[in-house]
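Hi there,

Here is the structure I promised to pass on to you.

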Amino acid sequence: MEQAIFEERRDQIHRKGEGPFELACNRDSLAGAVSQRACVFCGSRVVLYPIADALHLVHGPIGCAVYTWDIRGALSSGPELHRLSFSTDLQERDVIFGGEKKLKAALLELIERHKPNAAFVYATCIVGIIGDDVNAVCRDVAAKTGIPVIPVQSEGFKGNKREGYAAACKALFTLAGTGDTSDISPMSVNILGDFNLAGEIWIIREYFEKMGVQVVANITGDGRVADIRRCHGAGLNIVQCSGSTMELAKMMEEKFGTPFMRVSYLGIEDMADSLYAVADRFKHLDPGIVERTQKLVREELSLLLPKLKEYRKDLEGKRAAVYVGGAFKAFSLIKAFRHLGMKVVLVGSQTGTKEDYEELASICDPGTVIVDDSNPLELSKFVRELDVDLFVGGVKERPIAHKLGVGFCDHNHERKEALEGFVGMLNFAKEVHASATSPIWRFVPRREAMAKALKEQETAKRAAGGEGI
Amino acid sequence: MSDSPYVSTTNACKLCTPLGAALAFRGVEGAIPFLHGSQGCATYMRRYIISHFREPMDIASSALGEKQAVFGGGPNLKKGILNVMSKYGATVVGVATTCLTETIGDDVPRLLYEFRKEFSDLPLPEIVNVSTPSYSGTHMEGWHAATAALASQLVREKAPAERRVNLIPGFVSPADIRYFKEILDDYGVAYTVLPDISEAMDRPALLDYEKLPAGGTPVASIRAMSGALGSIECGRADHMAESAGTNLERRFEVRNIRVGLPIGVRESDAFFAALEELTGTPLPEKHAAERGRLIDAYVDGHKYVAGKRAIVYGEEDLVIAMVAFLAEIGVKPILAATGATCRNFKQALADVTEGILPEPPEAREGVDFHDIAEQAADLAPDILVGHSKGYRYAKDMGVPLLRVGFPIHDRFGGPRLLHVGYRGTQTLFDRLVNTILERKQADSGVGYGYL
Ligand code: SF4
């Protein structure tokens, strides 16, 4: 069993309560370890993907572009350019002689065809190696077409997803500060790090509107180029999924003086706290906002809580494992599970930082296993050992859970179910309940074997007890 | 060469070579696919494959970073192989290169030679390598290249002659391969199916998460290929200098019979004829009956599909085979499109429709979905036939989609779709007729319940 853990990775795994907390993280993945992690390109694609009126051109061989074709659940209220997969599909010839000419021609062709409001050009692994001057091509095409053409330095091998987030923030930052801000109210926000999966940002926007807060730009969800250009006029940046967009918030604070605040829309407390925190920021401008926010939260909770109670009845005492891309999401999930009466016994992420893990360690129960950059062997080992009833993760984690006879909740960018906000908490509970309480698990061989062993134990116990009488 | 008039690619109708290689390697017993490149591609491919098969797909990576990209990936490759040996207990490691390692010029055969020398004191697995630069070819070429590499690198000497058939089935579903094996059993012959993803990519529920899923072609069975009566290699598209079958033929004089993917009566007949030829056993009664039932169904259903216009797209071998099938039931294939290019695509389409269609369907190679849709606008198709990535186009055109091949990301049960042989053709025919009936019913204001 122990064998599942690579010697080199021992310090990336910690069991809370066993020794002082220290977790190695932000390291390159171990060769041969089948990491669940993607790459720099993936990180930048995640952040920029939902900008729906921009062209997203992947400069490289075909693979990276097709594997990211419309795989996310990010919805748009208008244009849907982001759902197409554009590539320069580099061929051997281009690799030898350079791909700049092809890139330029492809850009001109696509801009002509789709008339986007901006174009992002993603440099992939190989472009970094062959040394195409992507910046020069972008400058050139921008001058010719009159739209911003923005290079994204996302060569896959230059680090992990985090570097991709940074590259995307840099790209976004070139747009900020270029639009007109004259009609923006001081009581206004930008929403960062929400990807509008299954329309989640629309739920959040509605809350803000009810509170009387103007939303200037949904930077990373249902995004529009024009909004991002004027986002520096907003009074506050609210940052969810801080790993991905914190960098942008910091740059904006430095250059435009826009303050920022970290929030989470997952779970009850985090959602409510986030709204209250925003209200707090603006109450000097409009004292009524606090009351409006309280009213909103109260109304939502009065609908939600009775329904949650129903689910909780069946879920009480069940054990959950959480393995997600960013660590911040894990905090909210731990709290959300508490509302369902469930206990998180394994938690980890692909890209957590030292501070993230410290915070994680501080909120989870003793005995909880915390992992960084894990892999199928480790995850399956822990699911088994910790006797997990439900796993929360993405597509790659799903077969691990299912093979072990464990329920699963999709909590990644592909999901088609909104999990944010108060209604999202209900959806989450519904999904967790549907999977964890399904009758099918009794047929799964591992569960069958466990049930059999338990029965035998009880019979033995009864037999032993019987003798005493 | 590509038929696309455009420089840019929109919604490609192909995947990259290492993905095909990784899948083919998964079809060998005790093997772990290993991509020599950066971490990201292995993860993306896993995700993509898992979404279709709903099975674990562990692909190891040498996880190159910036330093290795500059100084060479050798140390990571070696360390990675040691790691999968110790943790997965892999007895075969299938190493495929990627665009990154091909471009930085890592000489994988030399690195592996060094590796074997450096660690000669360890019980080393078989290591098979294949060059799969993702900037040339498609996942199908990756699949075929990996299959050829397995045959050329693992079969090292002439095995004792025996009554054995080598089946090199091409990229078909696990259900297809299980059915192929049933057929071979019915011929009472020993066989090697290379590769065999039928078990690994469609596992029963078991007690545990398996590090290395059971199933796959055993190495001993691969070695035995050189003593076989002959090989049957499925797939008409021709893009390789040497395939697994021709390699064995050249080195060990194992006769290689090339047939199309056996879909439709004529292509299936050719497959069964090849089996009869190699084994001397006539078509078993069970299969003769299935053939008879299929033709009976053709007769009963022909009017529902007669004259319907179909656009077929996807992997070249599958497109050719689907065209063969559609043509013989009276559906008009009006466009056959693939993201790949091969030496004989157009010729193969002409061959499989000969005597049935006055002229072969229009063929387009090296195209993407933008090209296909643009042309489809003038073609007024009744149905699209291909993998599920064409769904949004079918939706836009307002026609149904008959899902075949890989990937099926928007329906359940992709790995259990049957395509080949009389039985596979039967399920395709039933599905096709029903798809058309369903549409007719949905479009009808009357709501006939008796069609
Ligand atoms: S980096 Fe190259 S090998 Fe990897 S997915 Fe992209 S195209 Fe394929």
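Predicted model: local features only at pLDDT ≥ 70, side-chain atom pairs only at ≥ 80, totals over all residues.

Below is what turned up, starting with the ligand and moving on to the salt bridges.

Residues are numbered from 1 along each chain as its sequence is written, chains are lettered from A and ligands numbered from 1 in the order in which they are written, and side-chain values use heavy atoms, with hydrogens and water left out.

The ligand sits between chains A and B. Residues near it (one heavy atom within 4 Å) include A:Cys64, A:Tyr67, B:Cys16 and B:Cys41. The shell holds seven nonpolar residues, three polar and no charged; here Ala, Val, Leu, Ile, Met, Phe, Trp, Tyr, Cys and Pro count as nonpolar, Asp, Glu, Lys and Arg as charged, and the others, Gly among them, as polar.

Now the salt bridges (a side-chain nitrogen of Lys or Arg within 4 Å of a carboxyl oxygen of Asp or Glu). In one of them, A:Glu7 pairs with A:Arg10 at 3.1 Å, N to O. A:Glu7 is exposed, at 54% relative accessibility, and A:Arg10 is partly exposed, at 36% (buried is under 20% relative accessible area, exposed over 50%, partly exposed in between, with a 1.4 Å probe and protein chains only). In chain B, a network of salt bridges links B:Glu182, B:Asp186, B:Lys286, B:Glu290 and B:Arg423.

Happy exploring!
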